[in-house]
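Dear colleague,

My notes on the contacts follow directly after.

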Amino acid sequence: MSAPALFGVERSAKGARWIGRAADDRLALALSQRHALPEIVARVLAARGVGLDDAPAFLNPTLRALLPDPSVLRDMDRAAERIARAVTGGEGIAVFGDYDVDGATSTALMTRYLRAVGVEPQIHIPDRIAEGYGPNAQALEKLRTGGAGLAVTVDCGTTAFDALEGAAASGLDVVVIDHHTAEPRLPKVSAVVNPNRLDQDPGLGQLAACGVTFLVLVALNRTLRKAGVFASSSGVGRAEPDLMALLDLVALGTICDVVPLTGLNRALVGQGLKVLAQRRNTGLAALADVARVTETVDAYHVGYILGPRINAGGRIGRADLGARLLATEDKAEAARIAALLDEHNVDRKTVEAEVMAAAIAQVEAADSGPVIVIAGEGWHPGVVGIVAGRLRERYGRPSCVVGVEGGIGKASGRSVPGVDLGAAVIAARQAGLLLSGGGHRMAAGFTVRQERVAELRAYLTEHIDGQVAAQPGEPMVPLVELDGTLVVEAATVELAETLCRLGPYGAGNPEPRFALPRVRVVAASVVGSGGHVACTLVGPDGGRLRAIAFRCADQPVGQALLRRDALLHVAGTLRLDRWNGNVRVQLFIDDVAPLWGAESA
């Protein structure tokens, strides 16, 4: 039996049902007492499955405790030895990455490390439109003729059978470093390091590609150390690279790839954000400057401010801009690329808004189902992934958006918890519905002929229906899970600071969301170019709280907030707002439930 709706909210402004996040009340009380935590914070921990003895490690995750021996991954030792042989033998090395943030950070990680051990690699990031995702024969041949004897693919390659095997046949060795869902068959290359290989013991499958790349660098560093490459007590040899200094890139890629922030990922991101705050990466510092990020960078800034700008190069501009920004040590070059990415991000927003409007119109005109699959002629392939993510947020369903050009559709999909979209896409490809396709649980990409989109929609509907429907045949209803109820007066700086200890937040460790019942909205206004709504919430006892809802002025949430003296139940997350040395608390509104008529009198 489903949980009762909180405050009776069966259909909010977003059309969602509000429920309390399940938590063991006895465990929450024990956590509060043993670890001296506010009761509401202890309940958040209990709802995330944190046990009584696990709380200290969760609140302070360390790599010392969580980083495994890299050799637990299949082919890891072969990969490390092959790359080390290229380094010590003066062999040309190329890095072939993906065009998203995970690919850019993975490429920059490998590039910065290789430079530190005396190798200047070739870098290739495929053009999203001209080349598509993953290794292709023409690009690999260009790298080989450019002097590479070894190509290292990062965040791609696991299913690029023809391209990689052709490269190997031509004399180019290949090491694959990836995390995308694998098939029983693997490409015939020197090594395939992928925690999601079907023959791999479980435990590390949630890593982003940048996390896998970091483990490869740990293994490579160990191999080079054993080979006597680094300086000994006699001072002979090269200085050993500082791997911990690269964790800012791992944090960036892990957050932006929306993999679960639990276990090792949590430790990588937690430590990486500390490195990022030191502004040691020249490119990231330049990007933070151009984006006007003046406060300490946290997971929010990474996911919503820095990440989209890095992605903008692969979406609208040159695909390799993000990787080159993150790899450079030249301040002038970093400033130039950061400014260019910022401009591309503005262009991306314009294109995205146009596609988003057309996409919403299609969804609203179609019958509801467990999965959204829509297509549009001329939709820019660089923004279909963002639009898919927006549709998933808006409708609470897995969403695939296809941009069609010349009869061929290039698509991106974003999933919801509990639905393995990558596996569904691979199954569709194996069924002959797609020209290419792959991904992981929460995201996927594919290429499809325009005339087969309807057939694909039917296939994915059948494949996904059993994973998401509460009852067979029933449409999926979005859920807003709430960690507790707050009165306005309880939304304090002290509470927000305590909640910060539970971060970093993201997939697998969602940011705590609270309900504030029966608050009145005053001084509401539209701010910024994105249609945000800023307002003040007043509680029944007169307490006041600043709040903002993003990109919603023309949607039911924004319209409810802008209604004069609106009385609402409000759901959102607490954030600290630091400005000119002052610290205040602010609510980021996710959803509202209006109280009209007699109840609002």
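This is a predicted model: local features need pLDDT of at least 70, side-chain atom pairs count only at pLDDT 80 or more; totals for chains, interfaces and linings use all residues.

The search of the whole structure for aromatic pairs returned three. In one of them, the ring centres of tyrosine 300 and phenylalanine 588 lie 5.7 Å apart with the planes at 75 degrees, and the pair is therefore edge-to-face, since planes over 60 degrees apart are classed in that way. This pair connects distant parts of the chain, 288 residues apart: tyrosine 300 belongs to helix α13 (residues 299–315) and phenylalanine 588 to strand β18 (residues 582–594). Tyrosine 300 has a relative accessibility of 24% and is counted as partly exposed, whereas phenylalanine 588, at 12%, is counted as buried.

A kink of about 40 degrees is found in α13 at glycine 307, shortly before proline 308. Of the 17 residues of α13, 13 are buried, so the helix is largely enclosed by the rest of the structure.

Helix α15 (residues 331–365) may be considered next. Its 35 residues should span 51 Å at 1.5 Å a residue, and the end C-alpha atoms are 50 Å apart, which agrees. At the start of α15, a side-chain oxygen of aspartate 330 comes to within 2.9 Å of the backbone nitrogen of alanine 332.

I turn now to charged side chains. Side chains of opposite charge can pair when their charged atoms come close. The whole structure contains 32 salt bridges. One of them joins arginine 222 and aspartate 69, with an N to O distance of 3.3 Å. Arginine 222 lies in helix α9 (residues 209–226) and aspartate 69 in the loop between α4 (63–66) and α5 (76–88), so the bridge ties together parts that are 153 residues apart in sequence. Arginine 222 is partly exposed, with a relative accessible area of 24%, and aspartate 69 is also counted as partly exposed, at 40%.

A further salt bridge is formed by aspartate 242 and arginine 280, whose closest N and O atoms are 3.4 Å apart. Aspartate 242 is in the loop between α9 and α10 (247–256), and arginine 280 is in the loop between α11 (263–277) and α12 (282–290); the pair therefore ties together parts that are 38 residues apart in sequence. Aspartate 242 is partly exposed at 43% relative accessibility, and arginine 280 is partly exposed at 43%.

The side chains of arginine 324 and aspartate 320 likewise meet in a salt bridge, at 2.6 Å from N to O. Here arginine 324 is partly exposed, with a relative accessible area of 30%, while aspartate 320 counts as buried at 11%. Elsewhere, salt bridges with shared partners join Arg74, Asp75, Arg78, Arg197 and Asp199 into one network.

Yours sincerely

Technical notes:
Residues are numbered from 1 along each chain as its sequence is written. Side-chain values use heavy atoms; hydrogens and water are left out. Helices (H or I, at least four residues) and strands (E, at least two) are DSSP runs, numbered from the N terminus. The expected span of a helix is 1.5 Å times one less than its number of residues. A polar contact is a pair of N or O atoms within 3.5 Å; within protein, one must be able to donate a hydrogen and the other to accept it, and residues adjacent in sequence count only if both atoms are side-chain atoms. A salt bridge is a side-chain nitrogen of Lys or Arg within 4 Å of a carboxyl oxygen of Asp or Glu. Buried means under 20% relative accessible area, exposed over 50%, partly exposed in between (1.4 Å probe, protein chains only). Rings of Phe, Tyr and Trp (its six-membered ring) pair if their centres lie within 6.5 Å; planes under 30 degrees apart count as stacked, over 60 as edge-to-face and the rest as tilted. The bend at a residue is the angle between axes fitted to the seven residues ending there and the seven starting there.
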